Amino acid sequence: MIKGLRGATIWSEDLNNLLPFYRDLLGLPVMVQIPGFAVLGAAGGPTLAVGTHSAVRGRNADPARHMVGLASDDVDSDWKRLMAAGVEFIETPTNYGQLRIATLKDPEGNLVQLLQPITG
């Protein structure tokens, strides 16, 4: 029986194009790292893997096809910090129903959303 999301993977021509962005700039902890592949996240929770794949070349030509959603406890603060670091956002923090969302591009053009539940 399928029970839900365990993780997702973003492939690259070179792991080193993506790993510093997700690990150092976004702050995702590395659970496992082997040559050409890393798994980011906390033990027992959903993970995001990044890795080198021989069939991937250059930037993502269709970045809206999939989006990775990352939990944030303060989308506005994360947006300000990442903007100051030069990260390209395609959408500033915006409320959608019960979520506050900001959408950015990683170094290869993949779309990433920062998601914060709206309480109250």
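**Exercise 1.** Start from Asn16 and Asp24, which are exposed on the other side of helix 1. Find which residues of helix 1 (residues 15-25) are buried.

*Solution.* Terms first: buried means under 20% relative accessible area, exposed over 50%, partly exposed in between (1.4 Å probe, protein chains only). Helices (H or I, at least four residues) and strands (E, at least two) are DSSP runs, numbered from the N terminus. The buried residues are Leu15, Leu18, Leu19, Phe21 and Tyr22. They lie on the same side of helix 1, because their arc around the axis is only 170 degrees; the arc is taken from the directions from the helix axis to the C-beta atoms. Their packing partners include strand 1 (7-12), strand 3 (37-40) and strand 8 (111-117).

The model is predicted: local features need pLDDT of at least 70, side-chain atom pairs count only at pLDDT 80 or more, and totals for chains, interfaces and linings use all residues. Residues are numbered from 1 along each chain as its sequence is written, and side-chain values use heavy atoms, without hydrogens and water.

**Exercise 2.** Is threonine 47 buried or exposed?

*Solution.* Locate threonine 47 in strand 4 (residues 47-52). Its relative accessibility is 16%, so threonine 47 counts as buried. Now list contacts (heavy atoms within 4.5 Å). Beyond neighbours within four places in sequence, threonine 47 touches Arg6, Gly7, Ala8, Met31, Val39 and Leu40.

**Exercise 3.** Which residue in strand 7 is the bridge partner of asparagine 95?

*Solution.* Strand 6 (residues 89-96) and strand 7 (residues 99-105) run antiparallel, joined by five bridges. Pairing requires at least two DSSP bridges between two strands. The partner of asparagine 95 is arginine 100. Two residues separate the strands of this hairpin, and glycine 97 in the turn has a positive phi of about 60 degrees.
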